[in-house]
Amino acid sequence: VEEHKCPLTTELLCDPVTAEDGHNYEREMVEKLIKDSSSKRNKKQKKLLRSPRTNEPMGAEIKSDVSLRNTIQNFIESGLIGGEVAESWRQRKLIIDTKKLAEDGDPNAMQRLGEWYDGGLQGLPRSKVLARKWITKADSARVSQAVRRVREDKDPDAMNSLGMWYSEGEKGLVANEVQAFKYFKMLADRNDARGMAQAGIRLADGVGTKGDVNAGLGLVLRAADGDSSSDLACYCLGVWYHDGMYGLQIDETKAEHYLKKAVDGSCTFLHLGLVWEDEAHERLRGIKENREA
């Protein structure tokens with residue numbers, strides 16, 4: 001263990017590099033040392049980069065020591081190194097690996113880092129600034145990925161996500177129902193029940209687009225009754241038949257049919273939301289009470 005400790009951290013090496021002095025260091029620490037030595041202040045004071053081991057002048061080139069990294073990992077995985085030393089190594093390796101993924105553009109890794117900094121987890125210091133930085137980057141990366149997936153692959157899940165994010169003003173996007181309708185309509189044009197439900201509701205209400213009750217009602221009906229169905233579409237039809245909305249005659253039988261379908265889990269897409277699910281149950285209880293009365 002002592003042979004494989006970083007002299008800067010005094011901990012077992014996780015991401016070892018070899019510096020020009022021939023010694024091994026933790027990458028993050030020696031990179032910080034090199035960066036500090038090249039600062040304007042140190043250049044002005046003519047301070048040279050020196051070896052942490054020998055204090056002799058040292059160049060700034062470093063190289064990954066993959067062999068040493070694999071050796072240490074094998075020691076950990078085989079149990080030759082255990083206890084608190086191994087546990088600390090695993091935790092630091094998790095952070096290093098997550099940071100690498102985040103720096104390579106992985107939004108899930110960015111999100112994890114943000115949450116860890118926000119809660120002071122995994123040995124990281126609690127920092128609202130760093131938490132906000134990484135969560136903001138995660139949101140931006142997710143939006144960029146979704147836009148690319150729509151453009152290149154016509155991905156229906158990406159269309160649905162962008163529609164929801166624009167509608168709710170999430171992932172750093174400004175709420176914009178015109179943009180939301182655009183993506184839901186793209187989805188509806190692919191006969192996706194999620195898109196037909198969301199676009200149909202907006203057409204019926206004239207939200208994000210010019211109102212067209214008949215077109216909206218038609219899309220919602222297709223989303224509720226098609227082979228691929230939406231619990232949101234069923235809920236809306238149940239409410240509309242129950243209250244006599246959008247030109248539909250009040251019909252408690254049809255209202256009950258669609259409200260039951262909205263909450264029984266039989267639809268292909270379950271995106272109703274708990275608040276509306278509770279309201280559907282409440283309306284079903286009211287219909288039952290009316291029938292019994």
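In helix H7, the residues Pro156, Met159, Asn160, Leu162, Gly163, Met164, Tyr166 and Ser167 meet Glu177, Gln179, Ala180, Tyr183, Phe184, Met186 and Leu187 of helix H8, where contact means heavy atoms within 4.5 Å. By class, this contact of H7 with H8 comprises ten nonpolar, four polar and one charged residues; Ala, Val, Leu, Ile, Met, Phe, Trp, Tyr, Cys and Pro count as nonpolar, Asp, Glu, Lys and Arg as charged, and the others, Gly among them, as polar. The model is predicted, with local features requiring pLDDT of at least 70 and side-chain atom pairs counting only at pLDDT 80 or more, while totals for chains, interfaces and linings use all residues. Residues are numbered from 1 along each chain as its sequence is written, and side-chain values use heavy atoms, with hydrogens and water left out.

Helices (H or I, at least four residues) and strands (E, at least two) are DSSP runs, numbered from the N terminus. Two packed helices are described by the angle between their axes and the distance between the axes. Axes are lines fitted to C-alpha atoms, for helices over the stretch in contact, and angles run from 0 to 180 degrees between N-to-C directions. H7 (residues 156–168) and H8 (residues 177–188) pack at an angle of about 160°, their axes being 8 Å apart. H7 is therefore roughly antiparallel to H8; angles under 35 degrees count as roughly parallel, over 145 as roughly antiparallel, 65 to 115 as roughly perpendicular and the rest as oblique. The crossing of H7 and H8 is left-handed, a term that applies if the near helix is turned anticlockwise from the far one by less than a right angle, with clockwise giving right-handed.

For helix H5 (residues 107–119) and helix H6 (residues 128–153), the axes cross at roughly 160° and come within 7 Å. This angle makes H5 roughly antiparallel to H6. H5 and H6 also have a left-handed crossing. The H5 side of the contact includes Pro107, Met110, Leu113 and Tyr117, and the H6 side includes Leu130, Trp134, Ile135 and Arg142. The residues of the contact of H5 with H6 divide into ten nonpolar, four polar and six charged.

Helix H3 (residues 66–78) packs on helix H4 (residues 83–103) at an angle of about 125°, with axes 10 Å apart. H3 is therefore oblique to H4. H3 passes H4 in a left-handed crossing. Ile72, Gln73 and Ile76 of H3 meet Ala86, Trp89, Arg90 and Lys93 of H4. Four nonpolar, one polar and two charged residues make up the contact of H3 with H4.

Three strands form an open antiparallel sheet in the order S2-S1-S3, where two strands pair if DSSP finds at least two bridges between them. Strand S2 (24–26) and strand S3 (62–64) are the edge strands, each pairing on one side only. Neighbouring strands of this sheet are turned by 40° against each other on average, direction ignored. Strand S1 (residues 16–19) pairs with S2 over three bridges. Pro16 has Glu26 of S2 as its bridge partner, and Val17 stands opposite Tyr25 in S2. The hairpin of S1 and S2 has four residues between the strands, and in this hairpin Gly22 takes a positive phi near 85°. S1 and S3 likewise pair in the antiparallel sense over three bridges, with Lys63 of S3 as the bridge partner of Thr18. Helix H1 (residues 27–37) lies across S1, S2 and S3 and runs at about 95° to S2.

Four aromatic pairs are found in a search of the whole structure. Rings of Phe, Tyr and Trp (its six-membered ring) pair if their centres lie within 6.5 Å; planes under 30 degrees apart count as stacked, over 60 as edge-to-face and the rest as tilted. Tyr235 and Trp276 form a stacked pair, 5.6 Å centre to centre with 5° between the planes. Tyr235 lies in helix H11 (residues 231–243) and Trp276 in helix H13 (residues 274–292), so this pair ties together parts that are 41 residues apart in sequence.
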